[in-house]
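Good morning, colleagues. Please look at the model on the screen while I go through a few of its local features.

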Amino acid sequence: MSSQLKGSNGFTTPAGHTFLPGPEARPQTRPVAIGPELMVGGGPVILMAGPCSVESYEQTRATAEAVHRAGGRVLRGGAFKPRTSPYSFQGLGLEGLKILQAVADEFGLLVVTEALGVEQLALVVEYADVIQIGSRNMQHYPLLWAAGETEKPVLLKRGFMSTIEEWLMAAEHVASRGNERIILCERGIRSFDTATRNTLDSTAIALVKQISPFPVIADPSHATGRANLVIPAARAAVAAGADGLLVECHPDPGAALSDGEQALPLEWLPQLVNEAGRVAAALGRTLS
Ligand code: PEP
Ligand code: MN
């Protein structure tokens, strides 16, 4: 397979996606509509932000209000959490989905949240606008197939130890079941360097934009693992061509039940929007 990506002829999948590296072969990004009117990959860089985990109504509402004020369009937040330790907070489950929906409605935001397994998919489809498939699940084929049988957009994170080709093939697993509303998310890959949680593969953003029709967004939070690196990484991702940003933020990062070290305090959101927005503007795009 890897020779096919590198080779000059590329390949076309049965779902009709042509992966052709090289300057002459640039499939146009096919925008993915989420909710009634928002397009990802249609020009503006879309800001999706919210807590790592939905912890309470108050925490999620305060976060949604700040995301809305900063101009964000989509509220993120985990109700079902893939935690490294089974003894860590696992999420509020259905109650978390209800909180997300209620506060997103109040502020006119859309919702992206993760389905950890096939058994949660129906609930996520019911409460969210976008199904997130997490890094650890990128090659969970039954989940990819089940998401491919829904009509909801799928945000497919790159596995932290997956090649670009494996990531694109995971997207094909979704598409092969009929759902082509796929948004790819580069969220950092594991490298030899332990100074940061992961390594943002900004080249992957640029490459996938050149060879795949799916919009590509970036998650600078999991890519860096540190709040004070999130804005610089977001700038880099937009510079590389990202169609959106998925960012973790929290009203009180020190008290967060998951990923507090990488959560932007809510007061930092305007700076994120300002700086990433200026990079977008340099490329003739807006950020919202
Ligand atoms: C998340 O976005 O909440 C998450 C768990 O991310 P990842 O799957 O990229 O680790
Ligand atoms: Mn997280």
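Predicted model: local features only at pLDDT ≥ 70, side-chain atom pairs only at ≥ 80, totals over all residues.

Residues are numbered from 1 along each chain as its sequence is written, chains are lettered from A and ligands numbered from 1 in the order in which they are written, and side-chain values use heavy atoms, without hydrogens and water.

Helices (H or I, at least four residues) and strands (E, at least two) are DSSP runs, numbered from the N terminus. Strand β9, residues 154–157, is covered on both faces: Val 154 and Leu 156 are buried on one side, Leu 155 and Lys 157 on the other. Buried means under 20% relative accessible area, exposed over 50%, and partly exposed in between, with a 1.4 Å probe and protein chains only.

Strands pair if DSSP finds at least two bridges between them. β9 pairs in the parallel sense with β8, residues 130–133, over three bridges, and Gln 132 has Leu 155 as its bridge partner in β9. With β10, residues 182–186, the parallel pairing of β9 runs over four bridges; here Leu 155 stands opposite Ile 183.

Finally, the structure holds one aromatic pair. Tyr 141 and Trp 145 have ring centres 6.4 Å apart and planes at 25°, so the pair is stacked; the criteria are centres within 6.5 Å and planes under 30 degrees apart for stacked, over 60 for edge-to-face, and the rest tilted, using the six-membered ring of Trp. Tyr 141 is partly exposed at 29% relative accessibility, and Trp 145 is partly exposed at 30%.
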